[in-house]
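I opened the notebook to record what I looked up in this model, beginning with the terms and going on to the places where I used them.

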Amino acid sequence: FDAEENTQLLRPLEETEAIEQMRSWLRERNWLEEENFFTDEYIHTAMHANKNGKQRTFEYTALKLQQSLKWRRDFCAAGIKREDVSRALAPNHMWWEGEDKFGRPILYARPAEMDLSTYSREEYVKAHVYLIEQGLQRMRAGVSTFVLVVDASHLSTKHFDLARDKQLLHIGTEAYPDRLGELIVGPVNGFIRTSWALLSHMMPKRLADKIAMTKNLSASLADLLPPGVSPPSFLRPSSV
């Protein structure tokens with residue numbers, strides 16, 4: 001059997017029943033896409049996450065998952081194609097590459113490389129949704145989160161858009177909750193510190209705790225990658 005089947009066999013019977021109960025709750029409300037969008041591992045993780053120091057209730061988790069599905073349906077997230085967001089991604093400054101030592105796919109971003117001459121907040125937000133959808137498809141069995149690595153080199157006030165960042169926070173907490181496993185940002189500079197001081201007050205503690213600021217992005221990433229795997233070329237000492 002495959003890894004997902006193995007995980008299912010090792011999960012206690014009451015856990016399996018709880019997951020099926022959650023699926024039934026969603027199907028009864030016509031969220032039929034839950035079968036393909038939510039894996040058992042993801043539902044298990046969502047149900048066992050904490051809120052205000054206590055494990056989430058079934059009702060809270062169910063409404064949170066329903067909200068995610070509604071947002072995704074309303075936004076037509078599954079229908080976004082690369083050509084729809086190619087301008088926002090140019091010149092390929094955000095991309096998926098490899099996995100960390102826990103098997104989580106890694107999304108790399110170099111926001112200072114974005115083409116500001118064609119910048120559109122709407123397209124940029126849509127590009128992030130497209131990338132998250134792509135990342136979910138890359139996840140192997142038993143994995144339900146991803147890692148985001150942000151190269152903050154050369155970032156400055158000209159790249160800052162508070163309205164955009166608020167939308168991205170909403171996407172991370174409401175549209176795709178519990179999907180971000182870790183966010184590493186570096187090298188830290190004055191602009192990053194100022195931005196963090198502002199944005200950190202807008203996000204739940206559970207999300208803030210997943211964010212790590214570093215002075216040496218290459219070293220921090222090397223600790224997260226599987227043994228023998230090197231960081232992307234733009235982070236290697238020879239290229240900085």
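I took helices (H or I, at least four residues) and strands (E, at least two) as DSSP runs, numbered from the N terminus. I let two strands count as paired if DSSP finds at least two bridges between them.

I noted that the model is predicted, that local features need pLDDT of at least 70 and side-chain atom pairs pLDDT 80 or more, while totals for chains, interfaces and linings use all residues. Residues are numbered from 1 along each chain as its sequence is written, and side-chain values use heavy atoms, with hydrogens and water left out.

**Hairpin.** I looked up β3 (residues 94-99) and β4 (residues 105-109), which run antiparallel and are joined by four bridges. The two strands form a hairpin with five residues between them, and in the turn I found G103 with a positive phi of about 85°. Across the pair, W95 stands opposite Y108 in β4.

**D178.** I then went to the loop between α8 (162-175) and β6 (180-186), where D178 has its place. I counted D178 as buried because its relative accessibility is 7%, the cut-offs being under 20% relative accessible area for buried, over 50% for exposed and partly exposed in between, with a 1.4 Å probe and protein chains only. For polar contacts I used pairs of N or O atoms within 3.5 Å, where within protein one must be able to donate a hydrogen and the other to accept it, and residues adjacent in sequence count only if both atoms are side-chain atoms. The side chain of D178 makes such a contact with the side chain of R56 at 2.7 Å, and another with that of R206 at 3.0 Å. With contact meaning heavy atoms within 4.5 Å, and with neighbours within four places in sequence left aside, the residues touching D178 include Y42, A46, S144 and K210.

**Helix α9.** In α9 (residues 190-199) I listed F191, I192, S195 and L199 as the buried residues. Seen down the helix axis they fall within an arc of 95°, so they line one face of α9; the arc is that of the directions from the axis to the C-beta atoms. Their cover includes α8, β6 and β7 (211-213). At the start of α9, I found a side-chain oxygen of N189 within 3.1 Å of the backbone nitrogen of F191.
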